[in-house]
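Subject: Structure handover and notes

Dear colleague,

Please find below the structure I promised to pass on, with my notes following it. I would be glad if you read the notes with the model open beside them.

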Amino acid sequence: MSERVPVGVLVSGGGTNLQALIDAAAAPDYPAQIAVVLSNRRDAGGLDRARAAGLPAQWIPHREKSREDFDAELVAVLQSHGCQWVCLAGFMRLLTPVFLDAYAGRVLNIHPALLPAFPGIHGQRQAHDAGVQIAGATVHFVDTGMDTGPIIAQGAVPRLPDDTVDDLQARILGVEHQLFPRVLRWAVQGRIQVAEGRVQVDLPPGEQRWIWCG
Ligand code: GRF
C-alpha cells in the first residue's frame with residue numbers, strides 16, 4: 001500500500017478515543033499512522049496508552065506560559081514528527097491561530113454531543129438534563145471557537161428512559177470510537193472539502209456521514 005499519513009493526537013484525559021485510533025491504525029490498510037501523542041497533562045491516561053502501543057508520547061505543560069507559546073511548542077513537536085494532520089481526542093484546551101495557521105484545515109476534534117447543540121464541557125450532561133431523546137457525537141474541523149468549526153460527521157444514539165448521565169456518556173463514547181477513525185481515514189485520503197464553511201465528503205461506497213447506534 002502507499003505510504004501512510006503521519007498524524008499527531010492531542011489528549012488531556014483517559015484516551016479511549018486515542019485507543020480507537022490506535023486500534024484502527026493497526027489495520028494494515030488504514031491510511032494514517034499515529035506519529036506522536038501529546039498531552040498538556042502529565043497524568044493523562046492517553047499518554048500511557050500511547051506508550052503501551054509503542055508510540056512516542058510527550059507531556060507539554062501549559063502552565064506559566066502564554067497560549068501562543070504553548071501552541072508553538074505543540075506545533076514544533078508535531079512538525080518534528082512529520083505530522084500532517086492533528087486529532088484532538090479529549091484535548092481540553094482552545095487552540096490559537098499560532099496552531100491553527102500551522103495546521104490550517106487539518107485539525108479534527110471529537111465532541112460528545114450533536115453540535116451545534118451542547119458545545120463546551122459536559123455536553124453529555126447537558127443533553128441528559130435537557131431531556132433529549134437522541135444524543136450523539138460530532139467530528140468537526142477546529143477553529144478558534146469552542147466546538148464551532150464545520151461539521152464533518154455525526155453519530156447518534158438513543159437516550160433510554162432510565163439512563164443516568166453515565167449511561168448516556170458510555171453509549172455516546174461507543175459511537176465516538178466508530179466515528180473518529182472513520183473521519184480520520186476520509187481526511188488523510190483527501191476526501192473532505194470545505195466550501196463557505198460547509199463540508200463536502202467524497203464518501204467511499206456504502207459509507208455515510210452519520211452513524212446510528214440504536
Ligand atoms: C470524549 O467524550 C470526547 O468526545 C471529548 O472528551 C472525551 C474524551 O474521552 N472531547 P477519552 O479521553 O477519549 O476517553
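Throughout these notes, buried means under 20% relative accessible area, exposed means over 50%, and partly exposed lies in between, all with a 1.4 Å probe and protein chains only. By that rule R51 is partly exposed, with a relative accessible area of 46%.

Please bear in mind that this is a predicted model, in which local features need pLDDT of at least 70 and side-chain atom pairs count only at pLDDT 80 or more, while totals for chains, interfaces and linings use all residues. Residues are numbered from 1 along each chain as its sequence is written, and side-chain values use heavy atoms, with hydrogens and water left out.

Salt bridges

A salt bridge here is a side-chain nitrogen of Lys or Arg within 4 Å of a carboxyl oxygen of Asp or Glu, and the count comes to 6. One of them joins R51 to D48, with the closest N and O atoms 3.9 Å apart; D48 is partly exposed, at a relative accessible area of 48%. Both residues belong to helix 2 (residues 45–52), where they are 3 residues apart, about one turn of the helix; helices are DSSP runs of H or I with at least four residues, strands are runs of E with at least two, and both are numbered from the N terminus. Another salt bridge links R41 and D43, whose closest N and O atoms are 3.0 Å apart, and here R41 is partly exposed at 41% relative accessible area, whereas D43 is exposed at 53%. In the salt bridge between R171 and D163 the N to O distance is 2.6 Å; D163 is buried, with a relative accessible area of 9%, while R171 is partly exposed at 24%.

Two strands are taken to pair if DSSP finds at least two bridges between them. On this basis 8 strands form an open sheet of mixed pairing, in the order 3-2-1-4-5-6-7-10. Its edges are strand 3 (57–59) and strand 10 (210–212), each of which pairs on one side only. Neighbouring strands are turned against each other by 20° on average, direction ignored, where axes are lines fitted to C-alpha atoms (for helices over the stretch in contact) and angles run from 0 to 180 degrees between N-to-C directions. Within the sheet, strand 5 (residues 107–111) and strand 6 (residues 134–141) pair in the antiparallel sense over 4 bridges, and H111 has T138 in strand 6 as its bridge partner. Helix 6 (residues 165–188) packs on the sheet, touching strands that include strand 1 (5–11), strand 2 (32–39) and strand 7 (151–158), and its direction makes about 155° with that of strand 7; contact means heavy atoms within 4.5 Å.

Strand 8 (residues 192–195) and strand 9 (residues 198–201) run antiparallel and are joined by 4 bridges. I192 has V201 in strand 9 as its bridge partner, and Q193 stands opposite Q200. There are 2 residues between the strands of this hairpin, and E196 takes a positive phi near 50°.

Rings of Phe, Tyr and Trp (its six-membered ring) pair if their centres lie within 6.5 Å, and planes under 30 degrees apart count as stacked, over 60 as edge-to-face and the rest as tilted. The whole structure holds 2 aromatic pairs. The ring centres of F70 and F91 are 6.4 Å apart and their planes stand at 15°, so this pair is stacked. Because F70 lies in helix 3 (residues 67–80) and F91 in the loop between strand 4 (85–88) and helix 4 (97–102), the pair ties together parts that are 21 residues apart in sequence. F70 is buried at 2% relative accessible area, and F91 is buried at 7%. The other pair is F99 and Y103, whose ring centres are 5.8 Å apart with planes at 35°, so it is tilted; both residues are buried.

R93 lies over the face of F70, at 5.7 Å from the ring centre, the rule being that NZ of Lys or CZ of Arg is within 6 Å of the ring centre and within 35 degrees of the ring normal. T96 is placed in the loop between strand 4 and helix 4 and is buried, at 7% relative accessibility. Leaving aside neighbours within four places in sequence, T96 is in contact with R67, E68 and D71.
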